[in-house]
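Grab a pencil and keep the viewer open.

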Amino acid sequence: HAAGNYIDTFSTSLGCDSIVFTHLNINPIYFNSYFKSICQGDSIFLAGFWRSTPGVYNETLIASTGCDSTNSTTLSVNPLPTVNLGNDKTLCEGQSVVLNASTTNASYLWQNNSSNATLTATQSGLYWVEVTSNNCSSRDSIQLTFNPVPVVDLGPDQSLCPDDKATLDVTLANATYV
């Protein structure tokens with residue numbers, strides 16, 4: 001039937017007529033379409049379950065009008081950005097190392113609040129970066145140690161005769177010699 005006013009006439013067993021007036025409303029069926037995205041490793045509650053794989057998830061509900069209502073959610077799963085600062089390193093004082101977290105279409109946050117894709121390190125410490133792409137974030141860290149350069153002193157210059165000997169001592173803890 002279509003929405004509108006309807007009149008029905010009924011006769012009883014005694015021959016009397018009854019007239020019924022009906023006003024018919026047809027409530028709409030609702031269909032809602034949503035798009036959601038999560039990061040790899042996350043999950044979201046859709047259609048009665050926790051979901052972590054991409055797909056289309058439909059859920060039928062009863063609207064306040066008593067009619068069916070369908071929610072359709074298309075779920076996409078964004079990959080986590082890849083970030084690798086490398087293994088921990090030991091360098092010599094005075095050297096530097098460029099830490100590179102470059103990833104396509106990403107933003108960066110380093111431990112010192114820098115937002116560049118690279119960071120030049122010259123001091124010992126723990127360095128970390130958080131890379132964000134498609135609203136998903138990954139972190140990596142690296143421990144850098146800058147050892148002091150050994151100080152070697154052979155003493156003042158000396159003049160020796162051909163048969164004379166001089167002992168030079170540069171003994172340092174944890175050192176190797178060439």
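Rings of Phe, Tyr and Trp (its six-membered ring) count as a pair if their centres lie within 6.5 Å; planes under 30 degrees apart are stacked, over 60 edge-to-face, and the rest tilted. One thing before you start: this is a predicted model, where local features need pLDDT of at least 70 and side-chain atom pairs count only at pLDDT 80 or more, while totals for chains, interfaces and linings use all residues. Residues are numbered from 1 along each chain as its sequence is written, and side-chain values use heavy atoms, with hydrogens and water left out.

**Exercise 1.** Find the aromatic pairs in the whole structure and classify them.

*Solution.* Step one: the search of the whole structure turns up one aromatic pair. Step two: the partners are Phe45 and Trp50, with 5.4 Å centre to centre and 65° between the planes, and that makes the pair edge-to-face. Step three: check the cover, where buried means under 20% relative accessible area, exposed over 50%, and partly exposed in between (1.4 Å probe, protein chains only). Phe45 has 47%, so it is partly exposed; Trp50 has 62%, so it counts as exposed.

**Exercise 2.** Which residues have the most contacts inside the largest nonpolar core?

*Solution.* Start with the rule: a nonpolar core is a set of buried Ala, Val, Leu, Ile, Met, Phe, Trp, Tyr and Cys residues joined through side-chain atoms within 4.5 Å. The largest one has 16 residues, and Leu99, Ala101, Trp110, Val129 and Leu144 have the most contacts inside it. Next, look at who supplies it: strand 9 (97-100), strand 10, strand 11 (118-121), strand 12 (125-133) and strand 13 each give at least two residues. Strands here are DSSP runs (E, at least two residues), numbered from the N terminus. Another core, of five residues, lies apart from it, including Ile44 and Tyr57.

**Exercise 3.** Is Phe21 buried or exposed, and which residues does Phe21 touch?

*Solution.* Then the accessibility: at 63%, Phe21 counts as exposed. Finally the contacts (heavy atoms within 4.5 Å): leaving out residues up to four places away in sequence, Phe21 touches Tyr6 and Ile7. The C-alpha atoms of Phe21 and Tyr6 are 5.9 Å apart, although 15 residues separate the two in sequence.

Technical notes
Helices (H or I, at least four residues) and strands (E, at least two) are DSSP runs, numbered from the N terminus.
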